[in-house]
Amino acid sequence: MYYQTIGTAPNRTFVAQWSNVYFYYDSNAALNFEILLYEGSNTIVFQYDSLSGSGASGNSATIGIDNAGGTIGLQYSFNSDVLTPTLAIAFMRQLDVTSVTPASNALDVTLNQNIQASFKQSVDPTSITDSSITVTGST
């Protein structure tokens, strides 16, 4: 196992890398993967590289994250063939929206209008690479 912190505060990335990991029941299986922890955004990425041998597809593994006490978790898969070389799985926290302006039912869909959202957490706008807004309603 190798590990390194890359970058400078407050935007560091901690990388833990496992190379040629073997299964106890298959010494011919070799896995290469890493976990990246992103400072500030609290994003966690599982990045898979080469995977070979029985069990390398994830069919005998649980993939996910837990809190320190093991009482809250987020499971990606359980004993499922989901892993492929170059697969990346990102776990990101959901932001708590505290207000939206204009308020609901105040948008004119025929106009281009800006929407402003406020969040409970501090958000670096440059760290948001993909976002979506779901608008529901009736006509």
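At 30% relative accessibility, Glu 39 counts as partly exposed; by the cut-offs used here, buried means under 20% relative accessible area, exposed over 50%, and partly exposed in between, with a 1.4 Å probe and protein chains only. Glu 39 sits in the loop between β3 and β4. Its C-alpha atom is separated by 7.9 Å from that of Phe 14, 25 residues apart along the chain.

This is a predicted model, in which local features need pLDDT of at least 70, side-chain atom pairs count only at pLDDT 80 or more, and totals for chains, interfaces and linings use all residues. Residues are numbered from 1 along each chain as its sequence is written, and side-chain values use heavy atoms, with hydrogens and water left out.

Start with the overall layout. The protein has nine strands and zero helices. Helices (H or I, at least four residues) and strands (E, at least two) are DSSP runs, numbered from the N terminus. From that terminus the elements read β-β-β-β-β-β-β-β-β. Of the 139 residues, 18% are buried.

Now the sheet. Five strands form an open sheet in the order β1-β2-β3-β4-β7, with antiparallel pairing. Two strands pair if DSSP finds at least two bridges between them. β1 (2-6) and β7 (88-91) stand at the edges with a single partner strand each, so one side of each has no neighbour in the sheet. The twist from one strand to the next averages 15 degrees. Axes here are lines fitted to C-alpha atoms, for helices over the stretch in contact, and angles run from 0 to 180 degrees between N-to-C directions. Strands of a sheet pair through backbone hydrogen bonds, either parallel or antiparallel.

Follow the chain from β1. Five bridges join β1 to β2, and the two run antiparallel. Thr 5 has Phe 14 in β2 as its bridge partner. β1 and β2 form a hairpin with six residues between them. In the turn, Gly 7 has a positive phi of about 95 degrees. The loop between these strands also holds Pro 10. The peptide bond from Ala 9 to Pro 10 is cis, with omega near 10 degrees.

Next comes the pairing of β2 and β3. Strand β2 (residues 13-23) meets β3 in the antiparallel sense over eight bridges. Here Phe 23 has Asp 26 in β3 as its bridge partner.

Asn 42 is not a glycine, yet its phi is positive, at about 60 degrees. With 47% relative accessibility, Asn 42 counts as partly exposed. Asn 79 also has a positive phi, of about 50 degrees, although it is not a glycine. Asn 79 lies in the loop between β6 and β7. At 38% relative accessibility, Asn 79 counts as partly exposed.

Turn to β5 and β6. Five bridges join β5 to strand β6 (residues 73-78), and the strands run antiparallel. Thr 62 stands opposite Phe 78 in β6. The hairpin of β5 and β6 has six residues between the strands, and Gly 70 takes a positive phi near 75 degrees.

What makes up the largest nonpolar core? It has twelve residues in all: Phe 23, Ala 29, Leu 31, Phe 46, Tyr 48, Leu 51, Ala 56, Ile 63, Leu 83, Leu 87, Ile 89 and Phe 91. β3, β4 and β7 each supply at least two residues of this core. The largest share, three residues, comes from β4. A nonpolar core is a set of buried Ala, Val, Leu, Ile, Met, Phe, Trp, Tyr and Cys residues joined through side-chain atoms within 4.5 Å. In soluble globular proteins, nonpolar side chains tend to be buried together.

Last, the second largest pocket. About 250 Å³ of space lies in it. A pocket is an open set of points on a 1 Å grid over the protein atoms alone, where a 1.4 Å probe fits, with protein on both sides within 12 Å along at least five of seven lines; lining residues have an atom within 4 Å of a point. Grid points are joined across faces, edges and corners, and a volume is the space filled by probe spheres set on the points. The lining of this pocket has 16 residues, with Phe 33, Tyr 48, Ala 61, Ile 63 and Leu 83 nearest the centre. β3 (26-38), β4 (44-52) and β5 (62-66) each supply at least two lining residues. β3 gives the most, with four. The lining divides into eleven nonpolar residues, four polar and one charged. In this count Ala, Val, Leu, Ile, Met, Phe, Trp, Tyr, Cys and Pro are nonpolar, Asp, Glu, Lys and Arg are charged, and the others, Gly among them, are polar.
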